[in-house]
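My notes follow in the order I checked them.

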Amino acid sequence: MSAGVTTVEEPVPVRAAARVPHDGWRVIAAKELGDHLLSVRFMVLLIILGLAAAVPLYFAADQIKALAPQATGQKAVFLAMFTIGSPDYSFLIVSSFVAIVAPLLGLAFSFDAINGERSEGTLPRLVSQPIYRDDVINGKFVAGLSVILIVLLAVVGVISGFGILRLGIVPSADEILRLVAWLLVTAVYVGLWLAFGLLLSVVIRRAATSALVGFGAWFVLVIFGGLIVDVIAKAISPITAPTIDAALPQAQLQKLITNLLPGNLYGDITNVILNPRLNPSVRLPGSIGEAVQGAQQIPNTVLSIDQSLLLVWPEIVALIALTIACFVGAYVAFMRQEVRA
């Protein structure tokens with residue numbers, strides 16, 4: 001370097017730090033939702049659910065037409081399309097049918113959510129993207145719940161349109177609120193089985209095995225669960241007391257054991273929300289005084305929507321707690337797993 005010549009060193013360019021988007025779960029959810037909506041699985045489930053919902057609707061329409069003279073001036077006639085059906089087959093009711101099919105929808109869109117990516121070798125590439133790792137499981141849960149809600153909204157819309165156009169039944173504001181509340185509770189119920197399927201897809205390596213375990217759990221808990229738990233409850237706490245006051249604790253214990261099944265919780269909530277008339281079989285009295293007061297109430301008392309929700313809020317809280325527990329289990333298990341190739 002010659003004397004008197006000053007050189008200015010250019011700053012070394014520094015690579016900008018890659019920014020991790022805070023809404024990475026939205027990217028994952030959008031991708032998964034698009035894949036679900038275009039998949040054969042979604043089309044098959046939509047056709048099956050639509051055709052199967054048409055059968056309860058057929059029986060409900062016949063019942064409503066047969067009881068039309070007695071239904072004049074009665075409240076909650078519009079909700080009858082969701083709560084009545086064939087007198088010979090209790091499962092041919094829209095609400096009962098949803099209670100049976102909703103778990104299948106949740107499991108169908110989650111049993112291979114994680115292990116399917118792992119078996120295809122795409123999971124390491126997915127978590128290597130500039131997103132947080134928990135965005136993967138969060139996005140998959142949101143996408144699965146969204147596509148199931150789309151199916152349920154379509155079915156409820158078809159049933160409602162049939163009632164308005166073909167039967168001439170216009171829902172009241174209270175009935176619309178009850179339908180919205182029922183859909184929200186159904187979303188929680190579906191989310192429970194969706195989170196359970198995610199948990200299976202995380203802890204079980206093979207998708208076929210997780211599907212077998214998931215659908216086996218559905219078959220045992222939903223189809224025969226009520227019978228099994230009822231036998232256990234009667235064996236643990238048989239009602240042998242001669243008086244109501246002495247038998248009340250045993251009945252409450254039986255009810256508590258029976259409510260361990262999410263299907264029973266959902267069924268109790270559905271019965272109260274879709275039936276505005278008081279249903280004393282859902283809530284057992286806490287004391288002999290409450291039992292006497294319940295016996296003195298006017299029959300066929302019509303409850304408002306807030307009174308119905310207040311009646312079943314413990315069941316709603318329990319259902320939400322079960323959903324959170326399953327999702328937290330799947331979340332923790334996924335965050336602790338080694339997913340690198």
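**Entry 1: Lys-140**

I started with Lys-140 and asked for its relative accessible area. The value is 5%. Buried means under 20%, so Lys-140 counts as buried. I note here that this is a predicted model.

Next I looked for a charged partner. Lys-140 forms a salt bridge with Glu-32. Their closest N and O atoms are 2.9 Å apart. Glu-32 lies in helix H1 and Lys-140 in helix H8, so this pair ties together parts that are 108 residues apart in sequence.

**Entry 2: Around Glu-32**

Lys-31 is at 43% relative accessibility, so I wrote it down as partly exposed.

Asp-35 comes out at 41% relative accessibility, so I have it as partly exposed.

**Entry 3: The network**

I put the pairs together. Lys-31, Glu-32, Asp-35, Glu-117 and Lys-140 are linked in a network of salt bridges. For the structure as a whole I have six salt bridges.

**Entry 4: H8 against H9**

Lys-140 had taken me to H8, and I turned to its packing. H8 spans residues 134-165 and H9 spans residues 173-203. How do their axes run? They come within 9 Å and cross at roughly 145°. I recorded the crossing as right-handed.

I listed who meets whom. From H8, I noted Phe-141, Leu-145, Leu-149 and Val-156, among others. On the H9 side, the contact residues include Trp-182, Leu-183, Val-190 and Leu-198. Gly-144 and Ser-160 of H8 also take part, and so do Thr-186 and Gly-191 of H9.

I sorted the contact residues by type. The tally is 17 nonpolar, four polar and no charged.

Methods: Residues numbered from 1 in each chain as written. Predicted model: local features only at pLDDT ≥ 70, side-chain atom pairs only at ≥ 80, totals over all residues. Heavy atoms only, no water. Axes fitted to C-alpha atoms, helices over the stretch in contact; angles between N-to-C directions. Helix = DSSP H or I, 4+ residues; strand = E, 2+ residues; numbered from the N terminus. Left-handed = near helix turned anticlockwise from the far one by under 90°. Contact = heavy atoms within 4.5 Å. Nonpolar A, V, L, I, M, F, W, Y, C, P; charged D, E, K, R; others polar. Salt bridge = Lys/Arg side-chain N within 4 Å of Asp/Glu carboxyl O. Buried < 20%, exposed > 50% of the residue type's maximum accessible area, 1.4 Å probe, protein only.
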